[in-house]
Amino acid sequence: MRIALVIVSQGYGGLERHLVDLANELARDHEIVVFGDPSFRTKLDAKVGLFSLSAKTWRHNLFSLWRLRRNLSLFAPDVIHAQANKAAAMVRSCGVKAPVMIATIHNIKNQTRPFLHFDGVIAVSRAAQARLQHSNSVVIENGITPIERISESERSKLRRTWVASDEPLTIAIGRLVTAKGFDLLLEAWQDLPGKLVIVGTGPEENTLQTQQKKLGLENRVIFAGYRADVPMLMQSADLLVMPSRREGFPYVLVEALHAGVPIVATDIPGARDFLPAEAVVSCENSGALHAALAQALSNWKNLKESYAPYSARARDKLTLKRMAERTLSFYVQTRARC
């Protein structure tokens, strides 16, 4: 099958990672070309082709639309698959056609008009699908390859970096931006046991560190910056917290479930599907977040055992292989409908 994946974005957030992972996995058995920013070349498998489509282009740029149509027509794909709103809008506007036209919606959007003209739409969460008015849509959650497990000695060594053996280690991971809600987490962290380690960098770092000092949390909250060993950190922690104001279907949630670390999260897409009800709280509510964290940490030594069924389910359902297989199946089912 010849498949064109179209994306008008750059960097390596959830959207971009989804595109790269899907392209590389599909390229095992199919001819894949990504129409996207040249920066993707370093992350794509050598078997995946790449046509340049700058992430900085305006969606109504006539030259970019003409070039997209021309290059898609030259490739003559069996499937055109647009990733997110901007790519969906450009594929629609350029007027190109293929036997199967698919788009993926990655976030909860009020405006879903760009997706209505596709033969089928994939949503990465039930919450994103709920906003669609489309007769042929399916939920296919993000998936990952199994993470490498660490030994108990490695886990203990990592924990000792921050906490003693008789106190819990809680971690939070993400870009330090307003959407991730780390300011709410700092408000909620007062009087909770153990240490909180925040992993990540971003434009809100100075503001958050000022808040940390104002709340007197210098000795109980650690800003660890960028870390390349996130899967190992997850396995060493006793609890992971996701205080986000908004998300798509976050990879941090998927990775944490695979790692087997207990999770407390705000009501972001995927949380209610894969976590116990008491671990999910309303967004922008530091009081509710504090209560859920306090409850979890009151029994921190036994948390992993109680979360084991949730982790097992995620390791079965949220895999890259399953994500790619379900995507291919949706292509075939949609072709049969056309």
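The largest nonpolar core has 62 residues; a nonpolar core here is a set of buried Ala, Val, Leu, Ile, Met, Phe, Trp, Tyr and Cys residues joined through side-chain atoms within 4.5 Å. Buried means under 20% relative accessible area, exposed over 50%, and partly exposed in between (1.4 Å probe, protein chains only). This is a predicted model, in which local features need pLDDT of at least 70 and side-chain atom pairs count only at pLDDT 80 or more, while totals for chains, interfaces and linings use all residues. Residues are numbered from 1 along each chain as its sequence is written, and side-chain values use heavy atoms, leaving out hydrogens and water.

**The cores**
- Ile171, Ile198, Met234, Leu240, Leu275 and Leu293 have the most contacts inside the 62-residue core.
- Helix H9 (residues 251–259) gives the most to this core, seven residues; helices (H or I, at least four residues) and strands (E, at least two) are DSSP runs, numbered from the N terminus.
- Apart from it lies another core of 28 residues, including Val6, Phe75, Cys94 and Ala103.
- Met234 touches Val252, Glu255, Ala256 and Ala259, among others, where contact means heavy atoms within 4.5 Å.

**The sheet**
- Six strands form an open, parallel sheet in the order E10-E9-E8-E11-E12-E13; two strands pair if DSSP finds at least two bridges between them.
- Its edge strands are E10 (221–225) and E13 (280–281).
- Three bridges join E11 (residues 239–242) to E12 (residues 263–266), and Leu240 has Ile263 as its bridge partner in E12.

**A look at Leu196**
- Leu196 sits in strand E9 (residues 195–199) and is buried, with a relative accessible area of 0%.
- Among the residues Leu196 touches are Ile171, Trp189, Ile222 and Val241.

Terms used
Lists of a residue's contacts leave out its neighbours within four places in sequence.
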